[in-house]
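Please take a moment with the sequence and the model below before reading on. The paragraphs after it are meant to be read with both in view.

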Amino acid sequence: MPSSTAPVQLVLFGAAGDLAHRKLIPALYDLYREGHLPDHVQIIGADRKEMDDEGFREFACGAADTLGRFYPKTADAESWGSFAKRLAYVQGDVTDGETFDRLAEKLDAFAPKGSKPERVFYLSVAPFLVEPIGAGLANARLLRDAKRSRIVVEKPFGWDLASARDLDKMLLKTADESQIYRIDHYLGKETVQNILAFRFANALFEPVWDRRYIDHVQITVAETVGVEHRGGYYEQAGALRDMVQNHLLQLLCLVAMEPPVSFNADEVRNKKVEVLRAVRPITPEAVSDVAVRGQYGAGYVEGTAVPTYRTEPNVDPHSTTETYAALKLEVDNWRWHGVPFYLRTGKRMPRRVSEISIQFRPVPHRAFPAGADEAWRPNRLVLRIQPDEGIVLKFQAKRPGPNMLLHPVAMRFEYDEAYGEASPDAYETLLLDAIKGDATLFMRADQVEAAWKLVQPVLDAWGGTIPPEFPNYTSGTWGPAAAERLLAQDGRSWIEPLAPDPADPVPPPAA
């Protein structure tokens with residue numbers, strides 16, 4: 001791992017864009033303010049927008065002003081002034097080689113004499129610009145030091161299996177695989193990382209983490225928002241590409257992976273790839289049995305009337321793009337054989353929530369008196385990713401009173417309560433890891449390809465047929481009726497995500 005005192009130069013392509021404004025610049029500022037970046041750090045924005053160094057600093061200051069809306073922390077004048085001195089800008093078109101010549105000159109001019117700085121090139125740009133940027137960096141000899149130069153590529157990593165392969169071939173022409181950091185911001189979330197700690201640092205749960213004790217796993221990522229200003233992008237993507245192929249499959253990997261020998265980047269990533277390769281392939285004829293799609297209609301979300309997807313800005317009035325997707329996947333290995341994993345994601349859901357619910361098998365014999373277990377619920381472990389980050393264990397307890405009456409209760413761990421401070425933003429974690437050269441939380445080419453292989457049959461089937469019933473779920477509900485049937489055919493049902501109450505109410509003692 002690079003020295004923490006080595007000079008760092010981070011080049012942010014797409015520096016005038018929305019992601020840079022809302023997330024990347026605030027994350028870099030917070031890393032600097034908290035002392036995680038070295039004293040010799042330069043952040044160079046690169047974009048087509050006409051700006052000089054001072055103009056970029058003013059743009060970045062605007063990002064600081066929005067911290068209260070987009071970011072969990074606030075800025076202070078003293079640390080921001082010091083941070084702003086480290087900002088610079090290169091204006092130019094990334095399809096023009098001269099842009100990279102100017103960038104190389106600026107990097108060399110800013111580097112302390114006699115030093116070999118760590119150089120991170122963050123590509124917060126549209127997918128079609130990745131190739132010219134990679135070629136421009138290579139031609140300007142900015143990637144020749146494989147140990148000290150890295151490329152961070154934002155998703156989407158292609159639009160299907162073929163384009164993902166083409167993208168990787170292109171990247172590998174300009175850089176070594178060890179230099180390519182494919183970023184999925186979900187992997188930087190504290191609760192996501194805590195899945196590894198929870199599983200492999202505690203002897204209590206690992207012995208029951210398999211098919212003998214677990215009945216099934218549900219992964220839910222629900223959003224209350226619609227497509228907002230992203231209609232043009234979303235029309236080309238849809239929920240399966242935008243969320244399932246990356247975020248939800250990454251969560252599945254963390255739940256299902258085997259224990260790593262060490263917390264080494266390649267070791268952890270190897271275990272994730274093993275999971276994806278063990279998932280039973282979806283055959284074309286099985287798509288309708290294991291996959292459900294939906295599109296939201298008009299309705300009410302959190303008491304506010306919202307329109308149907310087809311009337312959103314930049315959306316085709318006859319659109320067949322899915323805003324909801326659900327899959328049933330099975331991992332065919334020794335640990336998980338026969339345990340289904342149900343994945344779902346959707347827009348205009350009743351609540352914004354991301355969580356993993358692990359339901360355990362029932363006890364083999366209930367020895368309690370008749371009527372004692374009328375309120376029986378399966379044991380369930382819930383890993384909450386957002387909001388209200390934490391872990392909840394639901395189990396049976398005896399209600400107060402003279403009779404043996406069972407009632408489900410909850411044991412809760414919550415980040416805010418336990419640590420008394422907000423968790424770092426996911427981009428803080430991932431940016432710092434990219435600077436350090438730690439690829440543990442970034443995706444490797446074979447992992448991306450394996451994920452695309454899993455969803456490609458579904459994409460092909462959905463792309464070849466027109467859903468006659470769209471829109472098929474009302475905004476403010478948990479999705480289409482077909483999603484309920486997906487689990488009902490297995491004798492199961494979707495678990496409604498936990499409400500953000502501090503605890504489950506316990507009824508008063510029976511008379």
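Predicted model: local features only at pLDDT ≥ 70, side-chain atom pairs only at ≥ 80, totals over all residues.

Residues are numbered from 1 along each chain as its sequence is written, and side-chain values use heavy atoms, with hydrogens and water left out.

The protein is divided into domain 1, covering 8-154, and domain 2, covering 187-489, the bounds being taken from an automatic or database domain assignment. Between the C-alpha centres of domain 1 and domain 2 there is a distance of 33 Å.

How many residues of domain 1 are in contact with domain 2? There are 21 residues on the side of domain 1, and they are in contact with eleven residues of domain 2, where contact means heavy atoms within 4.5 Å. Domain 1 and domain 2 bury about 1,400 Å² between them, and 71% of this lies on carbon and sulfur atoms; buried area here is the accessible area, found with a 1.4 Å probe, that two parts lose on being put together, summed over both.

Across this interface the rule finds one salt bridge, a term that stands for a side-chain nitrogen of Lys or Arg within 4 Å of a carboxyl oxygen of Asp or Glu. Lys23 forms a salt bridge with Asp425, and their closest N and O atoms are 3.1 Å apart. The elements that give two or more residues to the side of domain 1 that touches domain 2 are strand 1 (8-13), helix 1 (18-33), strand 4 (118-123) and strand 5 (149-154); helices (H or I, at least four residues) and strands (E, at least two) are DSSP runs, numbered from the N terminus. Helix 1 gives the most to this side of domain 1, with eight residues. By class, the side of domain 1 that touches domain 2 has twelve nonpolar, one polar and eight charged residues, with Ala, Val, Leu, Ile, Met, Phe, Trp, Tyr, Cys and Pro counted as nonpolar, Asp, Glu, Lys and Arg as charged, and the others, Gly among them, as polar.

The structure as a whole holds 33 salt bridges. In one of them Asp53 pairs with Lys106, the closest N and O atoms being 2.8 Å apart. Because Asp53 lies in helix 2 (residues 53-65) and Lys106 in helix 5 (residues 97-110), the pair ties together parts that are 53 residues apart in sequence. Asp53 has a relative accessible area of 21% and is partly exposed, on a scale where buried means under 20% relative accessible area, exposed over 50%, and partly exposed in between (1.4 Å probe, protein chains only).

Arg182 forms a salt bridge with Glu177, with the closest N and O atoms 2.9 Å apart.

Arg280 forms a salt bridge with Glu330, where the closest N and O atoms are 3.4 Å apart. Arg280 lies in the loop between helix 10 (265-278) and helix 11 (287-290) and Glu330 in strand 12 (residues 324-330), so this pair ties together parts that are 50 residues apart in sequence. Lastly, Asp266, Arg269, Arg277, Arg444 and Asp446 are linked in a network of salt bridges.
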